[in-house]
Amino acid sequence: GDRLGLHEFHATFATVACATTQLPLLIGEGIAEEKLVHIPNGVPVDELERHAGGGAARARLGIPEDAQVLMHVGVFRAEKNQIGSLEIAERLRERLPELRLVFVGDGPLQSEVERRAREMGADWALFLGVREDVPDLLPLADLMILPSLSDAMPMTVLAAMAAVLSVEPSAATITWRRPAG
């Protein structure tokens with residue numbers, strides 16, 4: 001059957017898959033093999049590794065050196081679930097009162113998330129906006145958080161992994177592991 005509803009795309013010039021493991025699934029859903037194009041998803045690993053040991057200073061952002069830092073990088077849209085990040089951080093602060101949550105990005109729901117942070121009294125949440133220096137910011141984090149409601153291959157998770165950060169893509173369990181070095 002056509003569980004994914006892909007029958008509508010037979011007139012498409014090409015269907016792009018970012019992982020080779022998607023190709024058999026797409027063929028099984030009726031996409032013609034000659035219309036499939038594999039374009040690998042990736043991040044500039046060398047650049048991210050160069051920044052992993054340095055980066056922006058916590059003090060410059062008003063973050064105490066001994067604070068645990070959660071970082072959420074992404075566009076402010078419903079599926080990225082920044083409100084979920086706020087709620088997770090609020091619960092964690094019961095045990096880790098110095099915890100900070102750093103948001104990087106902007107988007108249509110940013111003002112809603114900022115309003116929610118104000119309602120919660122979350123002066124521990126920092127909204128940095130769009131930044132050109134994300135590779136420099138990643139080493140500030142102890143943990144990258146991305147409780148997305150829907151995400152196929154989140155680039156921020158790949159970037160965090162390349163920067164040697166611990167990544168928690170769901171809110172189910174969180175463990176603190178600061179990268180060595």
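Glu119 is exposed, with a relative accessible area of 57%, where exposed means over 50% relative accessible area, buried means under 20%, and partly exposed covers the range in between (1.4 Å probe, protein chains only). The structure is a predicted model, in which local features need pLDDT of at least 70 and side-chain atom pairs count only at pLDDT 80 or more, while totals for chains, interfaces and linings use all residues. Residues are numbered from 1 along each chain as its sequence is written, and side-chain values use heavy atoms, with hydrogens and water left out.

The side chain of Glu119 meets that of Arg116 in a salt bridge, with 3.9 Å from N to O; the term stands for a side-chain nitrogen of Lys or Arg within 4 Å of a carboxyl oxygen of Asp or Glu. Arg116 is partly exposed, at a relative accessible area of 27%. Glu119 and Arg116 are 3 residues apart in helix 4, so about one helical turn separates them. An α-helix has 3.6 residues a turn, so residues three or four places apart point the same way.

## Confidence in the model

The mean pLDDT of the chain is 79, and 67% of its residues reach 70 or more; pLDDT is the predictor's confidence in each residue, on a scale from 0 to 100. Over residues 171-181 the pLDDT is below 50, although this stretch has 23 contacts in the model beyond near neighbours in sequence, a contact being heavy atoms within 4.5 Å. Where pLDDT is low, the predicted coordinates should not be read in detail.

## Overall layout

The chain holds 6 helices and 7 strands, and from the N terminus on its elements run β-α-β-α-β-α-β-α-β-α-β-α-β. Here helices (H or I, at least four residues) and strands (E, at least two) are DSSP runs, numbered from the N terminus. Of the 181 residues of the chain, 40% count as buried. Among contacts between residues at least 6 apart in sequence, 67% join residues at least 24 apart.

The C-alpha atoms of Val73 and Val134 are separated by 8.5 Å, while the two residues are 61 residues apart along the chain. A second example is Glu34, which lies in the loop between helix 1 (22-28) and strand 2 and counts as exposed at 69% relative accessibility. Between the C-alpha atoms of Glu34 and Ala14, which are 20 residues apart along the chain, the separation is 8.2 Å.

## The nonpolar cores

A nonpolar core is a set of buried Ala, Val, Leu, Ile, Met, Phe, Trp, Tyr and Cys residues joined through side-chain atoms within 4.5 Å. The largest one has 18 residues, and those with the most contacts inside it are Leu70, Leu86, Leu101, Phe103, Ala122 and Trp124. At least two residues of this core come from each of helix 3 (82-92), strand 4 (100-104), helix 4 (110-120) and strand 6 (143-145), and helix 3 gives the largest share, 4 residues. Apart from this core lies another, of 16 residues, among them Leu61, Ile63, Val104 and Leu138. In soluble globular proteins, nonpolar side chains tend to be buried together.

Which residues of helix 3 are buried? They are Gln82, Gly84, Ser85, Leu86, Ile88, Ala89 and Leu92, and the buried residues of this helix pack against strand 3 (69-73), strand 4, helix 4, strand 5 (125-127) and strand 6.

## Other salt bridges

The structure holds 5 salt bridges. In one of them, the side chains of Arg77 and Glu79 meet at 2.5 Å, N to O; Arg77 is partly exposed, with a relative accessible area of 36%, and Glu79 is partly exposed as well, at 27%.

Another salt bridge joins Arg100 to Glu98, with the closest N and O atoms 3.8 Å apart. Arg100 counts as buried at 15% relative accessibility, whereas Glu98 counts as partly exposed at 36%. Side chains of opposite charge can pair when their charged atoms come close.
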